[in-house]
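Hello,

Here is the structure you will be taking over. Please have a look, then read on for what was found in it.

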Amino acid sequence: QVQLVESGGGLVQTGGSLRLSCAASGRTFSPYVMGWFRQAPGKEREFVAAIQWSNGSTHYADSVKGRFYISRDNAKNAVYLQMNSLKPEDTAVYYCAADPVATMTAGYDYWGQGTQVTVSS
């Protein structure tokens, strides 16, 4: 059973940084795609970033390119989302997701419980 546990959310001022972590367990994740999504109040969940565990290739939503960076640590079975130059519109619950056959932006079957990120203006 795949388990994903996010951490690292919190309250930060505009322009600040946060690093989210996703601890993954229950599988060998080398064939998996790992993604980060977010959902703001009253809005649909949206794709943020993804990484192919096997080769490290990445993909980002246009809204976060150049500000957010996704990475993984094979030894720790963890995926990270470094978020810089945060804006109030980045405020959302952030979810970690995983799947062996997902495209980068959709098709994930496994989800974490989410971590709240709030950016104050």
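**What was found**

Of the 121 residues of the protein chain, 45% count as buried. Please keep in mind that this is a predicted model.

**Overall build**

The protein chain has eleven strands and zero helices. The C-alpha trace spans about 40 × 25 × 25 Å along its principal axes.

How does the radius of gyration of the protein chain compare with that of a compact globule? A compact globule with 121 residues would have a value near 14 Å. The protein chain has 13 Å, which agrees.

Next, the contacts. Take those between residues at least 6 apart in sequence: 55% of them join residues at least 24 apart.

**Surface and charge**

The protein chain exposes about 6,000 Å². Carbon and sulfur atoms supply 47% of that area. There are 10 positive and 9 negative charges.

**The disulfide**

A disulfide is a covalent bond between the sulfur atoms of two cysteines. The count here comes to one disulfide. Which residues form the disulfide? Cys 22 and Cys 96 do, with their sulfur atoms 2.1 Å apart. The cut-off for a disulfide is a pair of cysteine sulfur atoms within 2.5 Å, so this pair qualifies.

Where do the two cysteines lie? Cys 22 is in strand β3 (residues 18-25), and Cys 96 is in strand β9 (residues 92-99). The pair therefore ties together parts that are 74 residues apart in sequence. The torsion about the S-S bond is about -75 degrees, so the disulfide is left-handed. Are the two cysteines buried or exposed? Cys 22 is buried, and so is Cys 96.

**Phe 68**

One more residue to look at. Phe 68 is in strand β7 (residues 68-73). Its relative accessibility is 1%, so Phe 68 counts as buried; the cut-off for buried is under 20%.

What is Phe 68 in contact with, leaving aside its neighbours within four places in sequence? The list includes Arg 38, Val 48 and Tyr 60. Also on the list are Leu 81, Gln 82, Met 83, Asn 84 and Leu 86. Asp 90 and Tyr 94 are in contact with Phe 68 as well.

Ala 49 is 19 residues from Phe 68 along the chain. The C-alpha atoms of Ala 49 and Phe 68 are separated by 8.1 Å.

Best wishes

Note on methods: Residues numbered from 1 in each chain as written. Predicted model: local features only at pLDDT ≥ 70, side-chain atom pairs only at ≥ 80, totals over all residues. Heavy atoms only, no water. Helix = DSSP H or I, 4+ residues; strand = E, 2+ residues; numbered from the N terminus. Rg over C-alpha atoms; globule rule 2.2 N^0.38 Å. Buried < 20%, exposed > 50% of the residue type's maximum accessible area, 1.4 Å probe, protein only. Contact = heavy atoms within 4.5 Å. Areas by Shrake-Rupley, 256 points an atom, 1.4 Å probe, with all protein chains shown as cover. Lys, Arg positive; Asp, Glu negative; His and termini not counted. Charge placed at Lys NZ, Arg CZ, Asp CG, Glu CD.
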